[in-house]
Amino acid sequence: MFIAISILIIIASLLLTFVVLIQNSKGGGLAANFAAGNQTFGVRQTADFLEKATWTLAIIILALCILATAFTPTRKQSDNAVLQKLEQTGTTTGAPEFPTTIPGGEAAPIEPVADPAAPAEAE
């Protein structure tokens, strides 16, 4: 459904672009080609039609964009797949194991590390 709505948005956007390009900001454009005043679909009717088409297409695009958010595919399936892979690999908890010997074979001195959250002791 999301793909169908996306296609409709693209079609409406192309139509809106076409309608806007037909119009002239000075009142000309396609309406200027119909110069005869006694025509049934005269200059004013053309300009009114193009203006109504512009607003209608803009409202249609807005409504379709809001509707598309309701049908946006979720990523729960892919998230579940990632969680399953993590469970299969066996995640480890805690601190990593570091070597306790120096390359010469001696035992490395282990110094206690002060906890930064602990209050400092008075000397």
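Accessible areas here come from the Shrake-Rupley method with a 1.4 Å probe, and for residues only the protein chains shown count as cover. With that in hand, the protein chain exposes about 10,700 Å², of which carbon and sulfur atoms supply 64%. This is a predicted model, where local features need pLDDT of at least 70, side-chain atom pairs count only at pLDDT 80 or more, and totals for chains, interfaces and linings use all residues. Residues are numbered from 1 along each chain as its sequence is written, and side-chain values use heavy atoms, leaving out hydrogens and water.

**Confidence**
- The protein chain has an average pLDDT (the predictor's confidence in each residue, from 0 to 100) of 74, and 52% of the residues score at least 70.
- Among the elements, α1 has the highest mean pLDDT (92), while helix α3 (residues 76-89) has the lowest (70).
- A friendly caution: where pLDDT is low, the predicted coordinates should not be read in detail.

**Overall fold**
- The protein chain holds 3 helices and 0 strands; these are DSSP runs numbered from the N terminus, helices being H or I of at least four residues and strands E of at least two.
- Of its 123 residues, 14% count as buried (under 20% relative accessible area, with exposed over 50% and partly exposed in between, using a 1.4 Å probe and protein chains only).

**Helix α1**
- The buried residues of α1 are Ile5, Ile9, Ala12, Leu16, Val19 and Ile22.
- They lie on the same side of α1 because they cover an arc of only 145° around the axis, taken from the directions from the helix axis to the C-beta atoms.
- On the other side of α1, the exposed residues are Ile3, Ile10, Leu14, Phe18 and Leu21.
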